[in-house]
Amino acid sequence: FQKRIRSLVFDYWHGEMGEFTHYDELPILLGKEGLKLKEFHSLCTGLLAEKKKGDRLWLEHLVTHRHEECRFLMARDWDVQKAYALVQKCLTLRKEFKLDTILLERPPKEEFRKFKTAVPCYHQGWNDRGQLLAIRLVGHYDTKVAMHELGGDKARNFELAYNEIAQRILAPAISRVTGHREWRSHSIIDMQDATVSNFLNSDLRKIFSLSTAVVQVCYPENLGEATVIRAPMMFSMIWSFIKGLLTKRTQSKISVDSKSDPSKLLRPKFVKNPCLPLEMGGTVDNPGPLYVNSELEQIVETYMTGERDFSEILGDNSDYHLIA
(Lines give C-alpha, C1' and ligand atoms only; values in the text may rest on other atoms or scores of the structure.)
Protein backbone atom coordinates (compact mmCIF):
# COMPACT_ATOMS: atom_id res chain seq x y z
CA PHE A 1 0.00 0.00 0.00
CA GLN A 2 2.74 2.45 0.96
CA LYS A 3 4.61 1.79 -2.31
CA ARG A 4 1.50 2.32 -4.43
CA ILE A 5 0.71 5.61 -2.69
CA ARG A 6 4.16 6.95 -3.51
CA SER A 7 3.31 7.18 -7.22
CA LEU A 8 0.45 9.61 -6.59
CA VAL A 9 1.74 12.64 -8.45
CA PHE A 10 0.84 13.16 -12.10
CA ASP A 11 0.09 15.73 -14.77
CA TYR A 12 -3.57 16.65 -14.35
CA TRP A 13 -4.26 19.21 -17.03
CA HIS A 14 -2.78 17.25 -19.93
CA GLY A 15 -2.66 13.66 -18.71
CA GLU A 16 -4.98 10.97 -20.08
CA MET A 17 -5.19 7.27 -19.25
CA GLY A 18 -7.18 5.84 -22.11
CA GLU A 19 -10.47 6.38 -23.88
CA PHE A 20 -13.51 6.95 -21.68
CA THR A 21 -16.45 5.15 -23.28
CA HIS A 22 -18.83 4.29 -20.40
CA TYR A 23 -20.23 6.27 -17.48
CA ASP A 24 -20.56 3.36 -15.08
CA GLU A 25 -22.66 1.00 -17.25
CA LEU A 26 -23.95 3.71 -19.59
CA PRO A 27 -22.29 3.82 -23.07
CA ILE A 28 -21.77 7.50 -23.74
CA LEU A 29 -20.68 7.37 -27.40
CA LEU A 30 -23.82 5.67 -28.72
CA GLY A 31 -27.48 6.57 -29.15
CA LYS A 32 -28.97 9.73 -27.74
CA GLU A 33 -26.17 10.14 -25.17
CA GLY A 34 -23.60 10.13 -27.96
CA LEU A 35 -25.50 12.83 -29.85
CA LYS A 36 -25.91 14.96 -26.73
CA LEU A 37 -22.26 14.59 -25.83
CA LYS A 38 -21.29 15.75 -29.32
CA GLU A 39 -23.60 18.77 -29.06
CA PHE A 40 -22.32 19.64 -25.58
CA HIS A 41 -18.70 19.31 -26.70
CA SER A 42 -19.38 21.66 -29.61
CA LEU A 43 -20.87 24.29 -27.28
CA CYS A 44 -17.94 24.09 -24.86
CA THR A 45 -15.40 24.24 -27.69
CA GLY A 46 -17.11 27.38 -28.99
CA LEU A 47 -17.01 28.90 -25.52
CA LEU A 48 -13.30 28.12 -25.27
CA ALA A 49 -12.64 30.00 -28.50
CA GLU A 50 -14.24 33.12 -27.00
CA LYS A 51 -12.11 33.14 -23.84
CA LYS A 52 -8.89 35.03 -23.28
CA LYS A 53 -5.73 33.06 -22.53
CA GLY A 54 -5.93 33.56 -18.75
CA ASP A 55 -9.46 32.11 -18.63
CA ARG A 56 -8.87 29.08 -20.83
CA LEU A 57 -7.02 26.62 -18.58
CA TRP A 58 -9.95 24.78 -17.02
CA LEU A 59 -12.01 24.90 -20.23
CA GLU A 60 -9.12 23.36 -22.17
CA HIS A 61 -9.10 20.56 -19.66
CA LEU A 62 -12.87 20.11 -19.93
CA VAL A 63 -13.01 19.79 -23.72
CA THR A 64 -10.07 17.38 -23.85
CA HIS A 65 -11.36 15.05 -21.12
CA ARG A 66 -14.58 13.27 -22.08
CA HIS A 67 -15.34 12.04 -18.58
CA GLU A 68 -15.39 15.63 -17.32
CA GLU A 69 -17.93 16.62 -19.96
CA CYS A 70 -20.06 13.63 -19.01
CA ARG A 71 -20.02 14.70 -15.35
CA PHE A 72 -21.77 17.95 -16.26
CA LEU A 73 -24.25 16.19 -18.52
CA MET A 74 -25.04 13.52 -15.94
CA ALA A 75 -25.53 16.16 -13.24
CA ARG A 76 -28.27 17.71 -15.37
CA ASP A 77 -29.84 14.44 -16.58
CA TRP A 78 -28.26 14.85 -20.02
CA ASP A 79 -30.03 18.13 -20.70
CA VAL A 80 -27.43 19.84 -22.91
CA GLN A 81 -28.54 23.43 -22.29
CA LYS A 82 -28.72 22.97 -18.52
CA ALA A 83 -25.30 21.29 -18.49
CA TYR A 84 -23.88 24.15 -20.57
CA ALA A 85 -25.37 26.68 -18.13
CA LEU A 86 -23.66 24.74 -15.32
CA VAL A 87 -20.31 25.06 -17.12
CA GLN A 88 -20.79 28.81 -17.39
CA LYS A 89 -21.63 29.05 -13.70
CA CYS A 90 -18.58 26.92 -12.93
CA LEU A 91 -16.36 29.32 -14.87
CA THR A 92 -17.76 32.25 -12.90
CA LEU A 93 -17.05 30.58 -9.55
CA ARG A 94 -13.60 29.40 -10.59
CA LYS A 95 -12.70 32.95 -11.54
CA GLU A 96 -14.28 34.49 -8.42
CA PHE A 97 -12.38 32.19 -6.05
CA LYS A 98 -9.26 31.86 -8.26
CA LEU A 99 -9.51 28.07 -8.21
CA ASP A 100 -7.11 27.58 -11.13
CA THR A 101 -4.28 29.09 -9.08
CA ILE A 102 -5.44 28.48 -5.51
CA LEU A 103 -2.93 25.66 -5.03
CA LEU A 104 -0.09 28.07 -5.73
CA GLU A 105 -0.97 30.28 -2.76
CA ARG A 106 1.41 28.72 -0.25
CA PRO A 107 0.37 29.16 3.40
CA PRO A 108 2.99 28.89 6.17
CA LYS A 109 3.24 25.35 7.48
CA GLU A 110 2.15 26.44 10.96
CA GLU A 111 -1.00 28.03 9.53
CA PHE A 112 -1.84 24.96 7.49
CA ARG A 113 -1.37 22.73 10.53
CA LYS A 114 -3.62 25.03 12.55
CA PHE A 115 -6.37 24.59 9.97
CA LYS A 116 -5.91 20.81 9.93
CA THR A 117 -6.17 20.72 13.72
CA ALA A 118 -9.19 23.03 13.86
CA VAL A 119 -11.06 21.31 11.02
CA PRO A 120 -9.57 17.80 10.96
CA CYS A 121 -10.11 16.13 7.61
CA TYR A 122 -7.86 13.82 5.67
CA HIS A 123 -7.58 11.47 2.73
CA GLN A 124 -6.75 7.82 3.31
CA GLY A 125 -6.43 5.63 0.22
CA TRP A 126 -9.51 4.46 -1.69
CA ASN A 127 -12.40 2.02 -1.47
CA ASP A 128 -12.87 -1.12 -3.55
CA ARG A 129 -14.41 0.90 -6.37
CA GLY A 130 -11.32 3.10 -6.59
CA GLN A 131 -13.01 6.11 -4.99
CA LEU A 132 -10.80 8.42 -2.94
CA LEU A 133 -11.52 8.03 0.76
CA ALA A 134 -12.02 11.36 2.54
CA ILE A 135 -12.60 11.41 6.32
CA ARG A 136 -13.92 14.28 8.44
CA LEU A 137 -13.76 14.20 12.24
CA VAL A 138 -16.66 16.52 13.01
CA GLY A 139 -16.49 15.96 16.76
CA HIS A 140 -13.01 17.47 16.83
CA TYR A 141 -13.89 20.73 15.07
CA ASP A 142 -12.62 23.81 16.90
CA THR A 143 -14.75 26.69 15.63
CA LYS A 144 -12.91 29.25 17.75
CA VAL A 145 -9.59 28.53 16.05
CA ALA A 146 -11.11 28.15 12.60
CA MET A 147 -13.15 31.35 12.65
CA HIS A 148 -11.23 33.70 14.94
CA GLU A 149 -7.57 32.71 14.96
CA LEU A 150 -7.42 31.75 11.29
CA GLY A 151 -10.34 33.83 10.07
CA GLY A 152 -13.29 32.89 7.90
CA ASP A 153 -11.64 33.78 4.58
CA LYS A 154 -8.60 31.61 5.24
CA ALA A 155 -10.70 28.72 6.48
CA ARG A 156 -12.85 29.00 3.34
CA ASN A 157 -9.80 29.07 1.06
CA PHE A 158 -8.35 26.00 2.74
CA GLU A 159 -11.65 24.18 2.17
CA LEU A 160 -11.68 25.18 -1.51
CA ALA A 161 -8.02 24.22 -1.93
CA TYR A 162 -8.78 20.80 -0.48
CA ASN A 163 -11.45 20.28 -3.13
CA GLU A 164 -8.93 21.17 -5.84
CA ILE A 165 -6.31 18.82 -4.40
CA ALA A 166 -8.74 15.93 -4.36
CA GLN A 167 -9.89 16.56 -7.94
CA ARG A 168 -6.65 17.67 -9.58
CA ILE A 169 -4.15 15.39 -7.87
CA LEU A 170 -5.38 12.58 -5.64
CA ALA A 171 -8.42 11.07 -7.35
CA PRO A 172 -6.95 11.09 -10.90
CA ALA A 173 -3.67 9.68 -9.63
CA ILE A 174 -5.50 6.86 -7.83
CA SER A 175 -7.17 6.14 -11.18
CA ARG A 176 -3.74 5.51 -12.62
CA VAL A 177 -2.84 3.20 -9.76
CA THR A 178 -6.08 1.19 -9.98
CA GLY A 179 -6.19 1.23 -13.77
CA HIS A 180 -9.67 2.70 -14.28
CA ARG A 181 -11.05 6.23 -14.38
CA GLU A 182 -12.71 7.29 -11.14
CA TRP A 183 -13.14 10.86 -9.90
CA ARG A 184 -15.75 10.29 -7.21
CA SER A 185 -15.03 10.14 -3.49
CA HIS A 186 -16.20 8.06 -0.57
CA SER A 187 -16.66 10.44 2.35
CA ILE A 188 -16.82 9.21 5.93
CA ILE A 189 -18.16 11.79 8.38
CA ASP A 190 -17.27 10.66 11.87
CA MET A 191 -19.47 12.38 14.45
CA GLN A 192 -18.02 10.81 17.57
CA ASP A 193 -17.94 13.38 20.41
CA ALA A 194 -19.84 15.90 18.28
CA THR A 195 -21.80 18.54 20.18
CA VAL A 196 -24.42 21.08 19.19
CA SER A 197 -21.75 23.79 19.01
CA ASN A 198 -20.02 21.87 16.20
CA PHE A 199 -23.04 22.53 13.99
CA LEU A 200 -24.72 25.70 15.19
CA ASN A 201 -21.86 28.15 14.65
CA SER A 202 -23.32 30.40 11.95
CA ASP A 203 -19.95 31.49 10.52
CA LEU A 204 -18.77 27.92 10.14
CA ARG A 205 -22.06 26.95 8.51
CA LYS A 206 -21.55 29.71 5.96
CA ILE A 207 -18.14 28.32 5.02
CA PHE A 208 -19.41 24.79 4.56
CA SER A 209 -22.52 26.03 2.73
CA LEU A 210 -20.25 27.88 0.30
CA SER A 211 -17.94 24.90 -0.05
CA THR A 212 -20.91 22.61 -0.75
CA ALA A 213 -22.26 25.01 -3.36
CA VAL A 214 -18.87 25.24 -5.10
CA VAL A 215 -18.47 21.45 -5.08
CA GLN A 216 -21.89 20.88 -6.68
CA VAL A 217 -21.20 23.44 -9.43
CA CYS A 218 -17.47 23.00 -10.09
CA TYR A 219 -17.14 19.27 -9.39
CA PRO A 220 -20.51 17.77 -10.39
CA GLU A 221 -21.05 14.08 -9.68
CA ASN A 222 -18.12 14.27 -7.26
CA LEU A 223 -19.70 12.20 -4.51
CA GLY A 224 -19.66 8.46 -4.95
CA GLU A 225 -20.83 7.66 -1.44
CA ALA A 226 -21.02 9.31 1.97
CA THR A 227 -21.30 7.47 5.27
CA VAL A 228 -22.13 9.36 8.45
CA ILE A 229 -20.96 7.24 11.38
CA ARG A 230 -21.53 7.42 15.14
CA ALA A 231 -24.28 9.98 14.56
CA PRO A 232 -25.84 11.38 17.78
CA MET A 233 -29.60 11.77 18.21
CA MET A 234 -29.44 15.50 17.52
CA PHE A 235 -28.17 14.81 14.01
CA SER A 236 -31.70 14.35 12.66
CA MET A 237 -32.30 18.06 13.27
CA ILE A 238 -29.02 19.07 11.65
CA TRP A 239 -29.54 16.68 8.75
CA SER A 240 -32.69 18.54 7.73
CA PHE A 241 -30.52 21.66 7.29
CA ILE A 242 -27.76 19.86 5.42
CA LYS A 243 -30.19 18.08 3.07
CA GLY A 244 -31.47 21.44 1.92
CA LEU A 245 -28.02 22.20 0.48
CA LEU A 246 -27.93 19.00 -1.58
CA THR A 247 -29.60 17.75 -4.72
CA LYS A 248 -31.91 14.72 -4.49
CA ARG A 249 -29.35 12.72 -6.43
CA THR A 250 -26.69 13.57 -3.84
CA GLN A 251 -29.05 12.82 -0.96
CA SER A 252 -29.55 9.28 -2.29
CA LYS A 253 -25.83 8.57 -1.91
CA ILE A 254 -25.72 9.36 1.81
CA SER A 255 -26.29 6.87 4.62
CA VAL A 256 -26.41 7.61 8.36
CA ASP A 257 -25.42 5.12 11.06
CA SER A 258 -25.65 5.73 14.81
CA LYS A 259 -23.87 2.59 16.07
CA SER A 260 -20.78 3.13 18.19
CA ASP A 261 -18.84 0.54 16.17
CA PRO A 262 -18.95 1.30 12.41
CA SER A 263 -16.68 -1.56 11.36
CA LYS A 264 -19.44 -3.89 10.08
CA LEU A 265 -20.77 -1.11 7.88
CA LEU A 266 -17.41 0.06 6.53
CA ARG A 267 -15.14 -2.99 6.26
CA PRO A 268 -17.01 -4.65 3.35
CA LYS A 269 -16.28 -1.57 1.23
CA PHE A 270 -12.51 -1.87 1.76
CA VAL A 271 -11.73 -5.56 1.21
CA LYS A 272 -9.41 -5.23 -1.81
CA ASN A 273 -7.66 -2.16 -0.43
CA PRO A 274 -7.64 -2.34 3.39
CA CYS A 275 -6.90 1.32 4.09
CA LEU A 276 -9.45 1.99 6.85
CA PRO A 277 -7.96 3.46 10.03
CA LEU A 278 -7.88 1.28 13.12
CA GLU A 279 -10.53 3.29 14.98
CA MET A 280 -13.05 2.57 12.21
CA GLY A 281 -12.48 -1.16 12.17
CA GLY A 282 -9.58 -1.16 9.75
CA THR A 283 -5.91 -2.04 10.02
CA VAL A 284 -4.07 1.26 9.41
CA ASP A 285 -2.41 2.49 12.59
CA ASN A 286 -0.18 5.50 12.02
CA PRO A 287 1.55 7.29 14.91
CA GLY A 288 -0.17 10.55 15.77
CA PRO A 289 -3.38 11.89 14.22
CA LEU A 290 -4.06 10.61 10.72
CA TYR A 291 -5.25 14.04 9.59
CA VAL A 292 -1.59 15.05 9.77
CA ASN A 293 0.33 11.78 9.48
CA SER A 294 -1.52 9.73 6.86
CA GLU A 295 0.54 9.08 3.74
CA LEU A 296 -1.68 11.19 1.50
CA GLU A 297 -1.80 14.07 3.95
CA GLN A 298 1.98 14.19 4.15
CA ILE A 299 1.99 14.55 0.37
CA VAL A 300 -0.70 17.23 0.50
CA GLU A 301 1.14 19.23 3.15
CA THR A 302 4.44 19.00 1.27
CA TYR A 303 2.93 20.70 -1.76
CA MET A 304 0.46 23.00 -0.02
CA THR A 305 3.16 24.63 2.11
CA GLY A 306 5.72 24.97 -0.69
CA GLU A 307 8.21 22.32 0.45
CA ARG A 308 7.74 20.86 -3.02
CA ASP A 309 6.71 22.82 -6.10
CA PHE A 310 3.25 22.25 -7.59
CA SER A 311 4.72 23.05 -11.00
CA GLU A 312 6.24 19.56 -10.87
CA ILE A 313 2.79 18.13 -11.36
CA LEU A 314 0.69 20.94 -12.85
CA GLY A 315 3.04 22.76 -15.17
CA ASP A 316 4.34 20.35 -17.77
CA ASN A 317 3.41 17.35 -19.90
CA SER A 318 5.24 14.66 -17.94
CA ASP A 319 3.40 11.58 -16.84
CA TYR A 320 4.68 10.66 -13.38
CA HIS A 321 6.96 12.09 -10.73
CA LEU A 322 7.97 9.98 -7.78
CA ILE A 323 7.85 11.55 -4.38
CA ALA A 324 10.99 10.66 -2.46
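Reply: Begin with strand pairing: two strands pair if DSSP finds at least two bridges between them. Helices (H or I, at least four residues) and strands (E, at least two) are DSSP runs, numbered from the N terminus. This is a predicted model, in which local features need pLDDT of at least 70 and side-chain atom pairs count only at pLDDT 80 or more, while totals for chains, interfaces and linings use all residues. Residues are numbered from 1 along each chain as its sequence is written, and side-chain values use heavy atoms, with hydrogens and water left out.

Me: In β6, which residue is the bridge partner of His 186?
Reply: The partner of His 186 is Glu 225 in β6. Strand β5 (residues 185–190) and β6 run parallel and are joined by six bridges. β6 also pairs with strand β7 (residues 254–256), again in the parallel sense, over three bridges. There, Ala 226 is opposite Ile 254 of β7.

Me: How many of the residues of β6 are buried?
Reply: A residue is buried under 20% relative accessible area, exposed over 50%, and partly exposed in between (1.4 Å probe, protein chains only). In β6, seven of its seven residues are buried. Strand β3 (residues 121–126) is also mostly covered, with six of its six residues buried. For the whole chain of 324 residues, 52% count as buried. The chain has 15 helices and seven strands.

Me: In which sense do β3 and strand β4 (residues 132–137) pair?
Reply: β3 and β4 pair in the antiparallel sense, over four bridges. Cys 121 stands opposite Arg 136 of β4. Five residues lie between the strands of this hairpin, and Gly 130 takes a positive phi near 80° there.

Me: Which residues other than glycine have a positive phi?
Reply: Most residues other than glycine have a negative phi, and most peptide bonds are trans. Asp 77 is one exception here, with phi near 50°. Glu 221 is another, with a positive phi of about 60°. Asp 77 is in the loop between α4 (66–75) and α5, and Glu 221 is in the loop between α9 (202–218) and β6 (223–229).

Me: Is Asp 77 buried or exposed, and is Glu 221 buried or exposed?
Reply: Asp 77 has a relative accessible area of 63%, so it is exposed. Glu 221 has 10%, so it is buried.

Me: At what angle do α6 and α7 pack?
Reply: Axes are lines fitted to C-alpha atoms, for helices over the stretch in contact, and angles run from 0 to 180 degrees between N-to-C directions. α6 and α7 pack at about 95°, with axes 10 Å apart. α6 is therefore roughly perpendicular to α7. Angles under 35 degrees count as roughly parallel, over 145 as roughly antiparallel, 65 to 115 as roughly perpendicular and the rest as oblique. Contact means heavy atoms within 4.5 Å. The α6 residues that meet α7 include Phe 112, Phe 115 and Lys 116, and those of α7 include Leu 150, Phe 158 and Tyr 162.

Me: Where is Lys 116, and which side chain does it join by a polar contact?
Reply: Lys 116 is in helix α6 (residues 109–118). Its relative accessible area is 2%, so it is buried. A polar contact is a pair of N or O atoms within 3.5 Å; within protein, one must be able to donate a hydrogen and the other to accept it, and residues adjacent in sequence count only if both atoms are side-chain atoms. The side chains of Lys 116 and Glu 297 are joined by such a contact, of 2.9 Å.

Me: What is the angle between helix α2 (residues 31–50) and α4?
Reply: α2 and α4 pack at about 105°, with their axes 10 Å apart, and are therefore roughly perpendicular to each other. In α2, Lys 36, Leu 37, Phe 40 and His 41 meet α4 residues, among them Phe 72 and Leu 73.

Me: Which residues touch the most other members of the largest nonpolar core?
Reply: A nonpolar core is a set of buried Ala, Val, Leu, Ile, Met, Phe, Trp, Tyr and Cys residues joined through side-chain atoms within 4.5 Å. In the largest, of 62 residues, Phe 40, Phe 72 and Val 87 touch the most other members. Helix α7 (residues 143–178) gives the most to this core, twelve residues. A second, separate core has twelve residues, including Tyr 122 and Phe 270.
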